[in-house]
Amino acid sequence: MKKFICILLIFSVLNFSAVLVKDGKVVFTFKEVVDAKVVYLAGTFNNWSSSSIAMEKEEGVWKISLKLEPGTYQYKYVIDGKNWKEDPEAPGYVDDGFGGKNGIFTLVEKDGKLVVLKGEEKKENKKEVNKNFDPKKMFVDDEGYVVIRFEHKGADYVTIAGNFNNWNAEETECYEVDEGVWEAVLELSEGDYQYKFVVNGTNWVTDPNAPAFVDDGFGGKNGFFQVYKKDGKLTVGLK
């Protein structure tokens, strides 16, 4: 037992992180027990890109400084471009939708200086059921794909981003099936999903036809739906 406690204490010392403000920038530091060739920082500030923000290693500690505006941010570390790791010493935590946690913090300006506020852990993101949900606009097709239709006239192109593609605003294109009607076709397994549509690459839009809505952490809402089996068949909506 003493040996186990000792090992646990060593692990706690070696595996640490901090989020702080220095010289007007938010500094992320991360040290992982297992040696990594590269560590990336991913979060709501870069649409959860797993390869756009590479950290630099200094004396065994991975570091990166970002210029961020006041707001609430979620984040994770990506080790060697594939292993997503929650920050063991994040200012706060929120459910990541995959059974794990994202780090979360709020950046505010106080007396002319930026300050990181600790976030409280959210055990449950309350769902607001959409009474006007139209199942004809969200369904599972004959081939088992989840189809989501979104109406937005005047858009040049539309993509869909969510926890199924790490909130990547460029990865999953939608197709215009009729004038102003866009369609996303997703291959999803059973689970809970959050999403938004991205119009013309910059305008993040909540789907008004989502089965339910949840807080997006920025004062807005994400669409929410569940993929599950009913009578042996894959279906989409709310259980």
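This is a predicted model: local features need pLDDT of at least 70, side-chain atom pairs count only at pLDDT 80 or more; totals for chains, interfaces and linings use all residues.

Me: How many strands does the chain have?

Reply: Strands come with one helix in this chain. Of the contacts between residues at least 6 apart in sequence, 60% join residues at least 24 apart. The number of strands is 21.

Me: Over which residues does pLDDT stay under 50?

Reply: The chain average is 85, and 88% of the residues score at least 70. Residues 120–124 form a stretch with pLDDT below 50, and that stretch has seven contacts beyond near neighbours in sequence. Another stretch, with 21 contacts beyond four places in sequence, also stays under 50: residues 1–17.

Me: Is W48 buried or exposed?

Reply: W48 sits in the loop between β3 (39–43) and β4 (56–58). Its phi is near 60°, a positive value in a residue other than glycine. The relative accessible area of W48 is 6%, and the limit for burial is under 20%, so W48 is buried.

Me: What about D80, which also has a positive phi: how does its relative accessibility of 30% class it?

Reply: D80 has a phi near 55° and belongs to the loop between β6 (71–79) and β7 (83–85). Buried would need under 20% and exposed over 50%. A value of 30% falls in between, so D80 counts as partly exposed.

Me: With which side chain does the side chain of Q74 make a polar contact?

Reply: Q74 lies in strand β6 and, at 14% relative accessibility, counts as buried. Beyond residues up to four places away in sequence, Q74 touches several others, including W48, V94 and D216. The polar contact, at 3.1 Å, is with the side chain of N102.

Me: And which side chain does the side chain of Q194 contact in this way?

Reply: Q194 is found in strand β17 (residues 191–199). Its relative accessible area is 17%, under the 20% limit, so Q194 is buried. Its side chain makes a polar contact of 3.0 Å with the side chain of N222.

Me: How is the aromatic pair of Y75 and F105 arranged?

Reply: The structure holds 14 aromatic pairs. In this one, the ring centres are 5.9 Å apart and the planes make an angle of 65°. Y75 is in strand β6 and F105 in strand β9 (residues 101–110), 30 residues apart. Angles over 60 degrees count as edge-to-face, so the arrangement of Y75 and F105 is edge-to-face.

Me: How many residues apart in sequence are the parts that the pair of F164 and Y193 ties together?

Reply: This pair is tilted, with 6.2 Å centre to centre and 55° between the planes. F164 lies in the loop between β14 (158–162) and β15 (175–178), while Y193 is in strand β17, so the parts tied together are separated by 29 residues.

Methods:
Residues are numbered from 1 along each chain as its sequence is written. Side-chain values use heavy atoms; hydrogens and water are left out. Helices (H or I, at least four residues) and strands (E, at least two) are DSSP runs, numbered from the N terminus. Contact means heavy atoms within 4.5 Å. Buried means under 20% relative accessible area, exposed over 50%, partly exposed in between (1.4 Å probe, protein chains only). pLDDT is the predictor's confidence in each residue, from 0 to 100. A polar contact is a pair of N or O atoms within 3.5 Å; within protein, one must be able to donate a hydrogen and the other to accept it, and residues adjacent in sequence count only if both atoms are side-chain atoms. Rings of Phe, Tyr and Trp (its six-membered ring) pair if their centres lie within 6.5 Å; planes under 30 degrees apart count as stacked, over 60 as edge-to-face and the rest as tilted.
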